[in-house]
Amino acid sequence: MKRSQINGIMAEAAEMIRRFGFVLPPFAWWTPDEFRARSTAAAGIIRAGLGWDITDYGQGRFDALGLFLFTLRNGELDDLRAGQGMCYAEKLLISRRDQISPMHRHVVKAEDIINRGGATLAVELYGSDAGGGFDAGAGGRVRCDGIWRDFAPGEVLMLAPGESVTLMPGDWHAFWGEGGDVLIGEVSTVNDDRTDNVFRDPIGRFSEVEEDVAPVHLLVSDYERWLG
């Protein structure tokens with residue numbers, strides 16, 4: 001993705017987030033120079049992977065296959081293994097109209113996917129085979145706003161604003177905005193986006209960035225290269 005495109009997506013996402021009454025944390029607005037100057041104090045932000053995250057999954061078709069995310073908080077995998085401490089994470093996401101977040105599952109993460117506002121959130125579901133692989137013939141069971149429901153293979157849940165689905169590791173899912181853009185909340189167990197996403201198709205989680213202009217704000221995937 002070109003950095004100019006990323007900068008534009010950030011501005012559009014920030015406006016949508018504001019429109020629905022959410023306020024991002026102060027570090028969201030740091031420039032790259034401010035982040036460098038505060039990198040020691042911000043070590044926890046960097047380690048936890050908090051901040052802006054925009055991906056086209058390496059396919060170069062963001063409007064059709066992509067996702068905006070902002071990680072607000074993320075705990076420690078050591079705490080999760082110990083069963084106590086900061087074992088949770090929270091994100092804001094935006095799925096644009098008909099923009100697919102491709103079929104995938106998680107190894108560790110359980111998550112609530114919540115329609116926070118906008119259009120309908122469509123979530124396509126499949127179960128796993130015995131080894132955790134994608135099974136086109138497998139359904140399963142999920143909770144929607146605390147109520148258990150069975151799903152057939154390939155069933156698409158239509159979540160209106162305020163509605164949610166709880167997905168467990170092994171629940172294969174893809175999602176998109178149906179009829180318009182959707183602001184999504186994600187509340188989950190601790191997650192490492194570099195290791196915990198298993199995609200059905202051979203695609204990448206993060207995008208390569210073409211630096212055609214300077215970044216307005218750094219992406220989570222920029223931290224290692226820009227901040228060391």
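## Terms and model

Ala, Val, Leu, Ile, Met, Phe, Trp, Tyr, Cys and Pro count as nonpolar, Asp, Glu, Lys and Arg as charged, and the others, Gly among them, as polar. The structure described here is a predicted model.

## The largest pocket

By these classes, seven nonpolar, five polar and eight charged residues line the largest pocket. Its space amounts to about 480 Å³. The lining comprises 20 residues, and those closest to the pocket centre are Arg 47, Ala 48, Gly 49, Asn 74 and Asp 192.

Helix H3 (43–48), E2 and H5 each contribute at least two residues to this lining. The largest share, three residues, comes from H3.

## The second largest pocket

The second largest pocket has a volume of about 160 Å³. Its lining consists of Phe 206, Ser 207, Glu 208, Val 209, Ser 221, Asp 222, Glu 224 and Arg 225. Two of these residues are nonpolar, two polar and four charged.

## The cavity

One cavity of 30 Å³ or more is found in the whole structure. The largest cavity holds about 130 Å³ of space. It is lined by 18 residues, with Leu 67, Leu 69, His 104, His 106 and Asn 197 nearest its centre. Among the elements that each supply at least two lining residues are strand E2 (67–74), strand E4 (101–106) and E11. The lining includes seven nonpolar, five polar and six charged residues.

## Arg 205

Arg 205 is located in the loop between strand E11 (197–199) and helix H5 (223–227). Its relative accessible area is 10%, so Arg 205 counts as buried, the cut-off being under 20%. The side chain of Arg 205 forms a polar contact with the side chain of Asp 53 (2.5 Å). Other residues that Arg 205 touches include Leu 69 and Asn 197.

Note on methods:
Residues are numbered from 1 along each chain as its sequence is written. This is a predicted model: local features need pLDDT of at least 70, side-chain atom pairs count only at pLDDT 80 or more; totals for chains, interfaces and linings use all residues. Side-chain values use heavy atoms; hydrogens and water are left out. Helices (H or I, at least four residues) and strands (E, at least two) are DSSP runs, numbered from the N terminus. Buried means under 20% relative accessible area, exposed over 50%, partly exposed in between (1.4 Å probe, protein chains only). A polar contact is a pair of N or O atoms within 3.5 Å; within protein, one must be able to donate a hydrogen and the other to accept it, and residues adjacent in sequence count only if both atoms are side-chain atoms. Contact means heavy atoms within 4.5 Å. On a 1 Å grid over the protein atoms alone, a cavity is a set of points where a 1.4 Å probe fits but cannot get out, and a pocket is an open set with protein on both sides within 12 Å along at least five of seven lines; lining residues have an atom within 4 Å of a point. Grid points are joined across faces, edges and corners, and a volume is the space filled by probe spheres set on the points. Lists of a residue's contacts leave out its neighbours within four places in sequence.
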